[in-house]
Each structure stands twice: as C-alpha cells, then as structure tokens.
Amino acid sequence: MTARAVVEAAPNFLATLDEARRFLVEQDAEAAPARYAQLQAELVEMVQMLGWSPGCGRYARFLGAHSAQGRLHLARVQRLAADAALPDLREFVLQQYVVLYAHSSKRVALLAIKHQRELTYSA
C-alpha cells in the first residue's frame, strides 16, 4: 500500500481562507456560518483526495501567462511554491472556490484560495 502524501496549509492559505470567511460575513452575516461550513466540508474532502493523489488537481492555467500583469502574478505565485519547496503548481476546483497548491508525490502545500470570480490569488 502506498503512503499518503502529507497535506499542509501555508500561512498565505490560512490568510486567504480568513479573507473568504470575512467576505461571507460582510455579504450576508446570517447565511455566512452555513456557507463557511460548506466550504470547510469541501476543503476536508479535498485534503483527503490530495493525500491519496497529489496531482489530481488541474494544471494551473495562469502558468502560461504572456501579459506583463500575468507574469507579475505568476512570479508572486512561484514565490509561494518556492517557499514551500515544492515543484509542481496545480489548482483544485471546489463549488465556488479554487485552491492553489504545490506538490510532490509525498507532500502537498495549500498556498491560496480564491473565489472563482476573483482574477488572481492573494500572495
């Protein structure tokens, strides 16, 4: 039986997750707890999947950026991956959010989370 990859949250992921929680509260304080609980449940399922198959997310689409702004964004994200010392960047799509992560076969670092309507990840 193969060993599961270790999945860990980088400080930037925790910060962007907190931003998402605060946004949910600002948007609709009454519905926020249920919506955040749904997001947490999706994240738990994602962590389980990434533990078994670290490369199961989609190829990070912005890696082929050609514009100056795209290359700047790419450089910020690559710094996050370098800080985690992991080579491959991928995205895991949830119902309303997208999680950026870096991985090897033995380790996964969750780097950032953004709503699907946001253009870039906070870094």
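Which residues of helix 1 are buried? The close-up views below, taken from a predicted model, begin with this helix.

**View 1. Helix 1 and its buried face.** The buried residues of helix 1 are N12, F13, T16, L17, A20 and L24. Seen down the helix axis, they fall within an arc of 135°, so they line one face of helix 1. Their cover includes strand 1 (6-9), helix 2 (32-52), helix 3 (68-84), strand 4 (97-103) and strand 5 (107-115). On the face turned away from the buried side, helix 1 carries the exposed residues P11 and E26.

View 2. D18 forms a salt bridge with R21, with the closest N and O atoms 2.9 Å apart, and another with R22 at 2.4 Å, N to O. R21 lies three residues from D18 in helix 1, and R22 lies four residues from D18 in that helix. D18 counts as partly exposed because its relative accessibility is 27%; R21, at 31%, is also partly exposed.

**View 3. The salt bridge between R58 and E91.** The side chains of R58 and E91 meet at 3.0 Å, N to O. This pair links distant parts of the chain, with R58 in strand 2 (residues 58-59) and E91 in strand 3, 33 residues apart. R58 is partly exposed, with a relative accessible area of 28%, whereas E91 is buried at 4% relative accessibility.

**View 4. V93 in strand 3.** V93 belongs to strand 3 (residues 88-93) and is partly exposed at 45% relative accessibility. V93 and E42 are 51 residues apart in sequence, yet their C-alpha atoms are 9.9 Å apart in space.

How values were computed. Residues are numbered from 1 along each chain as its sequence is written. This is a predicted model: local features need pLDDT of at least 70, side-chain atom pairs count only at pLDDT 80 or more; totals for chains, interfaces and linings use all residues. Side-chain values use heavy atoms; hydrogens and water are left out. Buried means under 20% relative accessible area, exposed over 50%, partly exposed in between (1.4 Å probe, protein chains only). Helices (H or I, at least four residues) and strands (E, at least two) are DSSP runs, numbered from the N terminus. The arc is that of the directions from the helix axis to the C-beta atoms. Contact means heavy atoms within 4.5 Å. A salt bridge is a side-chain nitrogen of Lys or Arg within 4 Å of a carboxyl oxygen of Asp or Glu.
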